[in-house]
Amino acid sequence: LNLLIDGMNRELRTLQASEARRAYVPVMFLQPQFVASQSAVRVSSSETPEVLRSSQFDANGGVRWDTRWGSSLAVRALTTPWYSDFAPTPLTTLEASVNQPLLRNGWGSGNLLEVVDLEIELQRSLFVEQLNALLGSVDAAYWQLAYAQADVEIKKRSRDRAQQQYDDTKENIARGLLAPGDIYVVEENLVIFEEQLLRSQEAVKLASLGLARLLQLEEAVDELSAADGLDRADAVVPTTQDALGVALRENSGIAAARIALRQSKVRLAHDRNQARPVLDFSASLGLNGLSEDYAESWGESLSAENPALRLGLYFEMPLVSGPYRARIDRADLQRKQQAERLRLAESDVAFDVRERLTQLDARVASLEFAKRRIDLAEKKLQTERDKYQRGLSTLTDLVRFQRDLDSALLSERRVRLDVAVLQARLAQAQ
C-alpha cells in the first residue's frame, strides 16, 4: 500500500509538468469597452465654453501565443468608431505583432519547464528505489519463512527421535536391561526438543505474518508457505568490478542524485539569465482602415491600403547588481551541494556493494564447512550408535551426538539463509 501511495507521486509530477505549460498555451482574447466623455471647449475668452459630449466603443480581439522561448506572437483585429457631435470617423486595424526578448527571458532560459520535466524522472527513480526496497524485504521475508519451515522439520525429526529413544529406554528399563536412572537422560532430551519445536512453530507463524504484512494478505496468513526451499543452487559471487559496474549504472539512488544535479544546473542557468539586462525587440505590422464608412474602413484594412510598420527596442537594467549576484551564487552553491551529494551516493553504494560481496563470499565459503560438519556429525553419530550397541558408550553420549547432528543441520540451514538474504541485499545495493 505504501508503494501504491508513493507511486501516485509520479502521476502527480506528470500532471504538474503538464500544468506548468498553461502559460504557453495559445489564447483567444476579446476586449470590448464603452467610454463616454464630456469636455468644455472655449472658442474665445469672451464666450461661454461649449460643452461637447462623445462616446467611444472599442473592440479588440484576436489570438496570442506566449512561447517557452520567450517569444510572444499575436494577431488581432481592432476597431475604434467614434460617435459624437462631430462626424463619425470609424477606424479599423488588422495587426500582427511579435515580441522577442534578446537577453533576459529569451531563448528558453527564462522558464523552468526542464526542471519540472526532470521531476518526473526523479520521482520514477525514487519509486524504483522504494520498489527495490520492498522487493528486498519480501525476498528476505520469504527466505526467513523457508528457514523457519526447514527448522520445524528438523525439530520434528529430533522430537520424534527423542520420543522413540524415550519409549525404547522405558521398555528396556522394564525388562531390566537398563538402570532406572537412564530414563531421566532421554526424558530431558525429549523435553528439550518439545520446547524447541514449539518455538520453531512460533517462528513459522511470525515469519508468515511478516511476509503477509509486506504482501497485504491478512486473510491468507495461514495459507502462506515457501514453495522453494533453502536447498537451491549455491550462490555465485560476482567480481567486485562487475558488481560495482552494475551498481553505478543501475542504482536508483544514484540516478536520483544525478537528476537532482541536472535540475540544479538548469536552475543555475535560469538564475543567470534572470540577472541579465532586459533587451526586447518588438515588431508589428498594422493594416489600417481610415474611411468614415465602417464597411469601407474594413475593406481598406483587408486590402492593405494603409499599412503601418513598427519596430522597437526596450532596454532595462538594474542600477545595483548585488541581489542578482547573490541569486546566482546561491544557485551555484546549491549545484555544488548536489554534486557532492552525488559523490556521496556513489561512495555509499560502492561501500555497500563491497560489504555485501565480502559477507556473501564468506557465507558461501562457510556453506562448504557447514556441509562438512553435517557429514562429520552423521559419521560420529553412527560410530556412537555402534559403540552403544556394543556397550562401549553411554546413552548420555549418544544423546549428545544426536544433538550435535541437529545443531549441524540447523547451522547449515542458517548459512543458506544468510546467503539468500545477502544475495537480495546485494541486488538492492546494486
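Predicted model: local features only at pLDDT ≥ 70, side-chain atom pairs only at ≥ 80, totals over all residues.

Visitor: Glad to be here! How do the axes of α2 and helix α8 run, roughly parallel or roughly antiparallel?

Guide: Helix α2 covers residues 113-175, and helix α8 covers residues 395-429. Helices here are DSSP runs of H or I with at least four residues, strands are runs of E with at least two, and both are numbered from the N terminus. The axes, lines fitted to C-alpha atoms over the stretch in contact, with angles from 0 to 180 degrees between N-to-C directions, come within 9 Å and cross at roughly 170 degrees. Angles under 35 degrees count as roughly parallel, over 145 as roughly antiparallel, 65 to 115 as roughly perpendicular and the rest as oblique, so α2 and α8 are roughly antiparallel.

Visitor: And how many nonpolar residues does the contact of α2 with α8 have?

Guide: Ala, Val, Leu, Ile, Met, Phe, Trp, Tyr, Cys and Pro count as nonpolar, Asp, Glu, Lys and Arg as charged, and the others, Gly among them, as polar. By that scheme the contact of α2 with α8 has 8 polar and 8 charged residues, and its nonpolar residues number 15.

Visitor: Is glutamate 114 partly exposed or buried, and at what relative accessibility?

Guide: Glutamate 114 belongs to helix α2. Buried means under 20% relative accessible area, exposed over 50%, and partly exposed in between, using a 1.4 Å probe and protein chains only. Glutamate 114 therefore counts as partly exposed, at 41%.

Visitor: I like aromatics. What kind of pair do tyrosine 142 and tryptophan 143 form?

Guide: The structure holds 1 aromatic pair. Rings of Phe, Tyr and Trp (its six-membered ring) pair if their centres lie within 6.5 Å, and planes under 30 degrees apart count as stacked, over 60 as edge-to-face and the rest as tilted. Tyrosine 142 and tryptophan 143 are both buried. Their ring centres are 5.1 Å apart and their planes stand at 90 degrees, so the pair is edge-to-face.

Visitor: Which ring does the charged end of arginine 414 sit over?

Guide: A charge sits over a ring if NZ of Lys or CZ of Arg is within 6 Å of the ring centre and within 35 degrees of the ring normal. Arginine 400 lies over the face of phenylalanine 401, at 4.7 Å from the ring centre. For arginine 414, the distance to the ring centre is 5.3 Å, and the ring is that of tyrosine 147.

Visitor: How far apart are the end C-alpha atoms of helix α7?

Guide: The expected span of a helix is 1.5 Å times one less than its number of residues. Helix α7 (residues 322-389) has 68 residues and should therefore span 100 Å; this agrees with the distance between its end C-alpha atoms, 98 Å.

Visitor: Which residue just after α7 takes a positive phi?

Guide: Most residues other than glycine have a negative phi. The residue just after α7 has a phi of about 80 degrees, and it is glycine 391.

Visitor: Now the loop between β5 and α2: is tryptophan 107 there buried or exposed?

Guide: Asparagine 105 is partly exposed at 32% relative accessible area. Tryptophan 107 likewise has a positive phi, about 60 degrees, although it is not a glycine. With a relative accessible area of 53%, tryptophan 107 is exposed.

Conventions: Residues numbered from 1 in each chain as written. Heavy atoms only, no water.
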